[in-house]
Amino acid sequence: MEISTLLEIRPGVTAIIGGGGKTTLMHTLSRELMGRGRVILCTTTHILVPEDLDVVTGPDAARVRGILARRRAVCVGTPCQENKLTAPQIPMEELSALADYILVEADGSRGLPLKAHAGHEPVIPACADQTILVAGADGFGHPIREACHRPELYARLSGGSLDEPVSPRLAARVIVAEGLGDRVFINKTEDAAARENARELAALLDCPAVGGSLWKGEYECLC
């Protein structure tokens, strides 16, 4: 089954937050959703300029509309340093009128599989209809200081120490305490141990969860 179906992605604005894998998830969802409608990809933080999509970098809504009519998907953003894009110049409410699905990478994690959120994070658009939180199963078994973005905050929320290995129990404490996601996607469940950890984490959450591997294209409902 497609991950967009398992995550119940609805038309409107979907924010993607949490640990590593957000950009890959956004592009995977885009490829699936193009069969159902027009898709805009963007960010409220920073993303790399995609190589396989047209990119609109100015406040040109007519150009966005034209690309969507031809190709069904477009990336919109403002150029910044290191071949990256930041938030688009077109307001999110206006973008949502141009496409059926708006996918927004609304967080940063410096590529680490897990993270705790500071007070100014994540940058979820006010008009977002749903928020997907990404957690990487490859963080389990590694010390908090190595596997987590904002490790001191992660340790405090989880009740663990910086040198304690991340377990599903500790990860669940952070996710539940923050309460930021409508659904959780646990990525990189590519072996039996990772799948078992994902199932254990899902059982401790108070929201639906999906596990799987974006690399393999394999997913399962854990709720």
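The expected span of a helix is 1.5 Å times one less than its number of residues. Keep that in mind for the first stop on this tour of a predicted model.

**Stop 1: helix 2.** Select residues 22-33. This helix has twelve residues and runs 16 Å from its first C-alpha to its last, close to the 16 Å expected at 1.5 Å a residue. Now colour it by accessibility: helix 2 is mostly covered, with nine of its twelve residues buried. Which residues of helix 2 are buried? They are Lys22, Leu25, Met26, His27, Thr28, Leu29, Ser30, Glu32 and Leu33.

Stop 2: Next, select 47-48, 78-80 and 84-86, which are strand 3, strand 6 and strand 7. Together they form an open sheet of three strands in the order 3-7-6, with antiparallel pairing. Strands 3 and 6 stand at the edges with a single partner strand each, so one side of each has no neighbour in the sheet. To find one of them, show Thr78 and its bridge partner in strand 7, Thr86.

**Stop 3: helices 6 and 7.** Finally, select residues 151-158 (helix 6) and 168-178 (helix 7), which pack at an angle of about 90° with their axes 8 Å apart. That angle makes helix 6 roughly perpendicular to helix 7. Show side chains to see who meets whom: Tyr154, Leu157 and Ser158 in helix 6 contact Leu170, Ala171, Arg173, Val174, Ala177 and Glu178 in helix 7. By class, this contact holds six nonpolar, one polar and two charged residues.

Definitions and conventions. Residues numbered from 1 in each chain as written. Predicted model: local features only at pLDDT ≥ 70, side-chain atom pairs only at ≥ 80, totals over all residues. Heavy atoms only, no water. Axes fitted to C-alpha atoms, helices over the stretch in contact; angles between N-to-C directions. Helix = DSSP H or I, 4+ residues; strand = E, 2+ residues; numbered from the N terminus. Parallel < 35°, antiparallel > 145°, perpendicular 65-115°, else oblique. Contact = heavy atoms within 4.5 Å. Nonpolar A, V, L, I, M, F, W, Y, C, P; charged D, E, K, R; others polar. Buried < 20%, exposed > 50% of the residue type's maximum accessible area, 1.4 Å probe, protein only. Pairing = 2+ DSSP bridges.
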